Amino acid sequence: MSESMVSRRQRYWDLRAAGNFIGGGTGSGLIVTASLAAVLGAPFRAALILGLAAIAAGLSLVWLEIGKPWRAFNVFFHPRTSWMTREGIVAGALIPLGVVAAAVSSPALALITAVLAVGFLYCQARILRAARGIPAWRQKEIVALILAAGLAEGCALALIVGPRDGVWLGLALAAGLAREAAWRFYRTGLAREAGAAKILAVFAAPSARRLDGLRWAGLGLIAAALVMRLSAVAVPGLMISTAFVIVGCMLVVLGGWGMKMLLITRAAFTRAISLPVVPIRGSKKSHAH
Amino acid sequence: MMSMSAKKDIREVPSYCYNCVAGPDLMTVRVENGIATRIEPCHAAAAIHPGLGRVCVKAFGLVQKTYNPHRVLTPMKRSNPRKGRDEDPGFVAISWDEALDTIAARLNDIRARGLLNEAGLPRVAATFGHGGTPQSYMGTFPAFLSAWGTIDYSFGSGQGVKCVHSEHLYGEFWHRGFTVAADTVHTRYIISCGANVEVSGGVCAVRRHADARIRGVKRVQVEPHLSPTAACSAEWVPIKPKTDAAFLFALIHEILFVHPRRRLDLAFLRDRTASPYLVGEDGYYLRDPLSLKPLFWDEISAQAVPFDTEGARPALEGHFTVTDAMTRGPDEERHPRHNAAARTAFTAMADTMAPYTPEWAAGVCDIPAATIRRIAAEFLDHACIGETIDIDGETLPFRPVAVTLGKTVNNGWGAYECCWARTMLATLVGALEVPGGTLGTTVRLNRPHENRLKSVQPGEDGFMVAHFNATGRKDWQATPTGRNAHRTLVPIVGNSPWAQALGPTHLAWMFSREAPKEWPQPELPEIWFAFRTNPAISFWDTAEISRAMARMPFIVAFAYTFDETNHMADILLPDATDLESTQVIRIGGTKFVEQHWAHHGVALRAPAVAPRGEARDFTWISTELAYRTGLIERYNAALNRGAAGAPLKGEGYDFSLPTKHAHNVDTIWNAVCQAATAELSHGADIHDLDWFRAHGHYVVPFKREDWYLYPTMARLGLRFELPYQERLLRVGEELGRRLHEQNIHWWDSQLDEYLAVPQWHDVPGRWVRAIRSQGGDPADYPLWGITTKVMAYTTGNNAGIPLMHEVSANLRGHGAVIINAATAQRLGIADHDWVEVRSPTGATEGRASLVQGCRPDTVVIPGQFAHWKTPFAKDLVFPSLNRVVPLSLELTDATGSGADVVRVAVRKIAPPARAGVA
Amino acid sequence: MTRYVMVADLRRCVGCQTCTAACKEGNATPPGVQWRRVLDLEAGTYPEVSRVFLPIGCQHCANPPCMEVCPSTATKQRADGIITIDDDLCIGCSYCIMACPYDARSLIEERRYAFGETPTEPEAARLDKNAVGVASKCTFCAGRIDAGTARGLVAGQDPEATPLCVNACISGALSFGDIEDESGPIATLLAENRWFRLHEREGTEPGFYYLWDKGTL
C-alpha cells in the first residue's frame with residue numbers, strides 16, 4: 001500500500017521534547033565523565049553541576065511542553081510499565097543526590113549519581129524504544145544510540161569545561177566513534193524495516209549530511225589534538241591542540257544535538273498502514289454461476 | 001468530551017435532509033437547551049427507508065450551517081450601484097418591510113406593464129440550484145411563482161449543461177427515466193461508465209451497492225480515474241475521456257456479430273421494441289398507406305403488415321421488399337413507396353454497428369480489445385435470458401445486468417450515442433425496466449412527477465407519448481420565448497415547467513452579451529431571483545458568468561452568507577435554513593437516483609430551533625410577496641391546487657384554504673399535512689401538523705412492481721422506441737429546415753446529432769479542435785482536464801462549512817489537482833507542489849495530488865471551488881475546473897448540453913501568495 | 001465476559017467520511033481532532049491499481065501500548081475491553097500518542113473552534129474545559145453504551161447503545177458488539193468472513209477487525 005498516504009510526521013513532540021533528550025543525554029554523559037574524573041581524582045564538580053543542569057533544563061523543557069503542567073506530579077503514577085514514570089523517578093533521585101555530591105565534593109556520591117545518570121539515560125532510550133507508533137524510535141538499535149550519544153556529548157562537553165588530558169581526549173574520541181557506530185547500526189537496522197524509506201530520506205537529506213560532517217570533523221579535530229598530545233609537540237602546538245579540542249568538542253556536541261533534533265522531530269513519522277490484502281469488492285468471476 | 005450538566009432540556013426533532021438530489025433522507029435534530037447540537041439518523045425509519053434511516057455526511061454539516069457566524073441575518077440592500085467582482089456592494093441592513101416593499105414595487109410596476117417585454121421574453125427570471133432540491137427548502141415560493149405567471153428559468157447555474165443532461169432528455173423519452181440506475185437490489189452485473197454512484201448516489205444507493213457487493217455483484221467501472229466507485233468495483237477500466245460511446249458500440253458489435261442470437265431476448269425485441277419495424281431506403285419507416293401505421297414483416301403471411309396486426313409473427317431482422325407502403329418524412333411529407341426495399345429497424349441498427357469492432361474501439365478508447373470482448377461476454381453470461389422473478393406476487397422477467405452512465409459521459413457531445421448505446425444494450429437482452437436491469441427513476445419533463453408510470457400514455461406508432469417542442473412550419477417557435485431558446489432549438493426537451501431549466505442554459509448567459517445576429521439582442525430580466533445557487537462559481541468560464549451577472553439590473557438573492565453570486569445582488573433576503581423552517585415534501589416511491597422504496601409518503605421539516613437573527617421562513621416570505629403584489633388570491637388558489645406539494649382538496653377530503661386573505665405558515669402546512677395524508681391513505685389517516693412534529697413522516701406501502709416500467713408497457717401493449725430513432729430523424733430534419741429558413745446556420749453541427757441510429761464521430765476530437773477556435777495550439781494543451789465529486793460537497797452548496805472541509809481532507813485530491821504520478825514525474829511535479837492548470841480561456845492553481853489511479857493523459861480537479869467571496873471557502877485557495885472550461889457553442893450538443901471536460905496544460909509554479917491559509 | 005469490538009467491512013466502505021463527521025459532531029471534538037476517520041489508501045501501479053478505504057481509530061487493544069507507556073495511569077482498560085482516558089489524570093505528555101501504532105490519539109492543545117476565535121452556540125454549549133491539554137481518542141462512545149445497556153439495550157444492535165459512527169455508517173461497513181457473545185452478530189460476521197487486524201505482529205490484540213472476503217481463513 002502507499003505509505004505516504006497515511007504516515008505523517010508526528011506533531012506533538014517538538015524541539016522542547018528534543019531538548020529533553022539533548023539535555024538528558026548530554027547531562028548524563030557529563031555526569032558519567034565527572035564521576036570518572038572523581039574516581040581518578042581529577043576535578044569533577046563543574047562537569048557534575050553542568051550535567052545536572054542539563055538534565056534539569058531538559059526536564060523543564062518537557063514541563064513546558066505537556067498539556068497540563070500543573071499536574072506534572074502525575075508522571076510518577078505508573079512505574080510498573082511506563083519508562084516515562086521511571087525516568088521521572090530516577091531524575092527525582094539523581095538530581096538531589098548530584099547536588100549533594102557536588103556540594104560536598106564526594107567522589108563516592110558522584111559515582112552513585114553517575115549510576116543513576118546511566119539509569120536515567122537508559123530510561124530515555126527506552127521511552128523512545130517503547131514509542132511503537134514512531135518507527136524511527138521503536139527501532140531496537142535506538143537504545144545503544146541514545147546511550148552512546150549521551151556519553152559522546154557528555155565527554156565532549158566535559159572536555160570543554162574541564163581537564164583536557166590525553167586520557168579524556170581518548171575517552172571522548174572513543175565515545176564519539178561509538179556513537180557513530182551506533183548511528184550506523186541504527187540506520188542499518190532501520191533499512192531492514194519495511195517502509196523506512198521516508199525516515200532514511202530525512203537522514204540522507206543535505207542538512208542531515210552536514211550534521212554528519214560536523215560530527216566527523218569534530219572527531220577529526222579531537223583525534224588530531226590527541227595525536228599532537230601524544231607526540232608531545234611544543235607549546236604553540238598545545239595551544240593549537242586546545243583550540244582543536246574545543247572546536248572539535250563543540251562540533252561533536254552540536255552535531256549530536258542536531259541529530260537528536262532530527263530524530264525527535266523530522267524523522268518521527270507515524271507508522272504507515274500496510275494492508276495484508278485488498279478487499280474483494282463484489283465478484284471477480286468472469287461468469288455467473 | 002461532552003459536558004454533562006445536571007439538567008438539560010433535550011429534544012429530538014424529526015426532519016429531513018434534501019441537500020442533494022439523491023435524497024431526501026430522514027434525520028433527527030438533537031436540540032439541547034434550545035440549541036441544535038447534532039444530527040442523528042432517523043432510526044425510527046430504519047424499516048421503511050432503503051438506507052435504514054441514515055443520512056450522508058452532508059447532513060452532519062447542518063449544525064455548523066445553522067450557527068455559521070458569517071450568515072446574512074438581516075435583509076440588506078446594495079448601496080453601491082456599480083456591480084462587479086471588484087466593486088464593494090456596500091450592503092446595508094434594512095427592515096423586512098423595506099426589502100419586501102422594494103421588491104413588490106418593482107414587481108407591481110412590471111405587472112402593470114406586462115409580464116413579457118417587447119421581445120416576448122419574461123421580465124422576471126429565477127434560478128434555483130441543483131436538481132430541484134431548492135424546491136424542498138423554498139416553502140410556498142412555487143405558489144408565488146405560479147401566481148405570478150410567466151417566468152424565465154433559463155439562466156442556469158449548471159443545470160441543463162453540467163447535469164446528466166442527455167440522460168434526462170433521452171432517458172425520459174425512451175423509458176421515463178429522468179435519471180437512470182441499475183436495479184441494484186437484483187442485479188448481478190453492472191457496466192458503469194463513469195456513474196460515480198458511491199459518491200453521488202446518496203444513502204440508498206450506497207447501501208444497496210454495498211449489499212450487492214456482499215451478494216457478489218460484479219461492477220465494471222469504466223472511467224479515466226479511480227473514483228471511489230471504481231475503487232469499490234470489481235474492475236476498473238481506465239478509458240480515454242469522451243470515448244465511452246465507442247466502447248459501448250463495440251460491446252453491441254460483439255454481442256451482435258460474435259455471439260449467437262439466442263443470447264438475446266428475442267421476444268422482448270420483437271414485441272416490446274420497434275426492432276421489427278421496416279425501414280425504407282430514405283431512412284423512414286415504411287407505413288401502411290391507409291392507417292400510416294409502421295409495418296413489420298409477418299413471417300406467417302410473408303408480407304408486410306401494420307405493427308399491431310393480431311396473430312402476426314414479426315421478423316426481427318432481414319431485408320424485404322414491400323409492395324405497397326408510404327413513408328412519412330419531415331413536415332408531414334408523404335411518399336408512396338412501391339416494391340420498396342426494406343430492412344428491419346434491428347437490421348438497420350446492426351448494419352450501423354457493424355464497423356465498430358473491439359479492435360477498432362481499442363484504438364479509440366485505449367481499452368484492450370480482449371477486455372471489451374470479455375465484458376461483452378460477461379454481460380451476456382449474466383443476463384439470465386428466459387428467467388423470471390416473482391415481485392409482489394407478479395411474475396416479471398429477470399435480467400440482472402445493467403448499464404449506467406455518469407456525468408461527462410451522458411452530457412455534451414457523445415452523450416446521445418452513449419445514452420442510446422446504454423439503453424440499447426439493455427434492450428438487446430430485455431433488461432430494460434425489468435427486475436435486475438436498467439431502470440428509470442422518476443420523471444420531470446413528463447407528469448405526474450410523483451408516479452412515472454402514470455406518465456406512460458399511448459402515443460403514435462405503438463410508442464408511448466412524447467412531448468416534443470414543435471418543429472413544423474406553422475407551430476415552430478421561431479422567436480425564443482426564453483433567453484436560452486429551449487423551445488426553438490431543443491425539440492426533445494419539450495415545454496413542461498422543468499423544460500426551460502433543462503435547455504441550453506449557458507446560452508442565456510452567452511446571448512446576454514451577444515445574441516446571434518438573426519435574433520434581437522435579448523434584454524436582461526428586470527428582476528432575477530436566485531436561491532440556493534451560485535452560478536458565479538458553479539458554471540463554466542466563471543469570470544464571464546460573473547460579468548454577465550453584474551449586468552443584471554435588479555437581483556433578489558435569498559442569502560445564506562455573502563457569496564460570489566449575491567455579491568451582484570440588489571436585495572439580500574435571509575431565509576430560515578434547514579433546521580429553522582417548515583416544509584412538507586414527498587418521500588419514497590421511486591425518486592431520482594436510486595431512491596427505490598417499498599413505501600411512499602410525506603415528511604415534515606419542522607423548525608428544530610428558532611431562525612437566527614431576522615431570517616424568516618420562506619413560506620412567510622412568499623406569502624408576504626403575494627400579499628404585497630396583490631396576488632394573494634391566486635397564491636392561495638395555487639396552494640389549493642397543490643403548489644405546496646399536495647392538492648388541498650381531493651376525493652373525500654377538502655382542506656382548501658380560503659383564498660381571500662393571507663394565512664400564516666403553520667396554517668398552510670397544517671392543511672398540506674392533512675391533505676397529503678388523506679390522499680395517501682384514501683382518507684383513512686388524516687394527520688395534522690402537530691402529529692408530524694411528533695412523528696416526522698407518514699408512509700404507505702409502494703408496490704415494488706412499480707419500480708419497473710415494463711409491466712405498464714406490456715399492459716398498454718406499447719413498445720420502447722428503440723433501436724431506431726425515426727422520430728428524432730424527422731424532428732432533426734424539420735428543425736434544420738426551420739433554422740435554415742431563418743438563415744440560421746450556427747446550429748448546423750448540432751443538427752448532425754439527429755441520426756436514426758447513432759454513429760461514431762471523433763467526439764474527443766471536438767475538444768481538441770475547439771482549442772484552435774479559442775486561439776490556441778492543440779499541441780500546447782496535451783492533457784484532459786475533468787472533474788469529479790466528493791460526497792461531502794456534492795450539490796450541497798456547503799463550501800463554507802468547515803466540517804465538510806475537514807472530513808473531505810481525509811480523501812486524496814481534496815482541493816487539489818489529481819495527476820498520474822508518472823505524468824507528474826515527467827513534468828517535474830512532486831506531490832503537494834503547486835501547479836497551474838491552463839486552457840486557452842483560463843487558468844486555475846492548486847496543489848498536485850499524485851496518484852497511480854488516474855490515466856496518464858488526464859488530470860482531475862474535484863468539486864467546484866475557487867470561491868472569492870464565500871466566507872471560509874474563499875480562504876481555501878482551491879482550484880476549480882470551472883475556471884478553465886469555456887462557454888462554447890461549438891462544444892454544445894443538440895440537446896443544448898456541454899460537459900465538464902477540457903484540454904489543458906499543467907506546469908509547476910511557485911506557491912501563490914495566499915497559499916498559506918489552506 | 002464482554003469484550004466490545006468494532007468490525008469494518010472493507011468491501012462496503014466507500015470512504016464517504018459520514019462516520020468521521022458523525023463522530024466529530026456527536027463527540028464535539030475540536031477542529032482537526034478525529035477519533036474516527038477513514039483513510040484513503042492506494043496500492044499498485046497504473047493501470048493495476050487498488051484503492052482501499054480504511055476506517056480507523058482507537059483499536060481498543062487487549063494489550064494497549066498506550067496504557068503501558070502512560071506515566072499518569074490516565075489511560076485505563078475497562079473490563080469490557082474499552083480503553084479510556086481519565087481527563088482528570090492525564091498530564092498531556094503525548095507519550096501515548098507516540099506509542100499508539102494506529103495513530104489513533106490526539107492531544108487537544110488548545111480550544112479551537114470551527115469558525116475561528118469565537119465558539120458557535122453549540123460549541124460553547126458543549127465546551128468541556130477538562131478536555132484541553134489532554135490526550136483524546138475514540139471511546140467506542142462508552143458513555144452511550146453504558147447508558148444504553150443500563151436500560152437493557154444491546155450494544156451494537158440498539159442505536160441508543162451503539163457508537164455514533166456505527167449508527168451513521170451509510171454503507172453498513174461498521175458493526176459493533178460483544179465478540180464474546182458466541183451467537184451474536186459480531187461473532188457470526190467474523191466466523192463467516194475472512195478478516196485481518198492491523199499490525200497483528202505487534203501483539204496488541206486489537207479490538208478492531210477488518211473484513212475483506214467471504215469465507216474463513
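In chain B, four strands form an open sheet in the order 10-9-8-19, with parallel pairing. Strand 10 (235-237) and strand 19 (401-405) of chain B are the edge strands, each pairing on one side only. From one strand to the next, the twist averages 15 degrees. The model is predicted: local features need pLDDT of at least 70, side-chain atom pairs count only at pLDDT 80 or more, and totals for chains, interfaces and linings use all residues. Residues are numbered from 1 along each chain as its sequence is written, while chains are lettered from A and ligands numbered from 1 in the order in which they are written.

Helices (H or I, at least four residues) and strands (E, at least two) are DSSP runs, numbered from the N terminus. Strands pair if DSSP finds at least two bridges between them. Strand 8 (residues 189-193) and strand 19 of chain B are joined by five bridges in the parallel sense. Ser192(B) has Thr404(B), in strand 19 of chain B, as its bridge partner.

Helix 1 (residues 15-39) of chain A has 25 residues and spans 35 Å from first C-alpha to last, close to the 36 Å expected at 1.5 Å a residue (1.5 Å times one less than the number of residues). Of its 25 residues, 22 are buried (20 or more other C-beta atoms within 10 Å of the residue's own, with C-beta atoms placed from the backbone). Gly41(A), with a positive phi near 80 degrees, follows helix 1 of chain A.

Ile170(C) sits in the loop between helix 6 (164-168) and strand 8 (174-178) of chain C. Ile170(C) counts as buried because it has 28 C-beta neighbours inside 10 Å.

Notes:
Buried ≥ 20, exposed ≤ 12 C-beta atoms within 10 Å, placed from the backbone. Axes fitted to C-alpha atoms, helices over the stretch in contact; angles between N-to-C directions.
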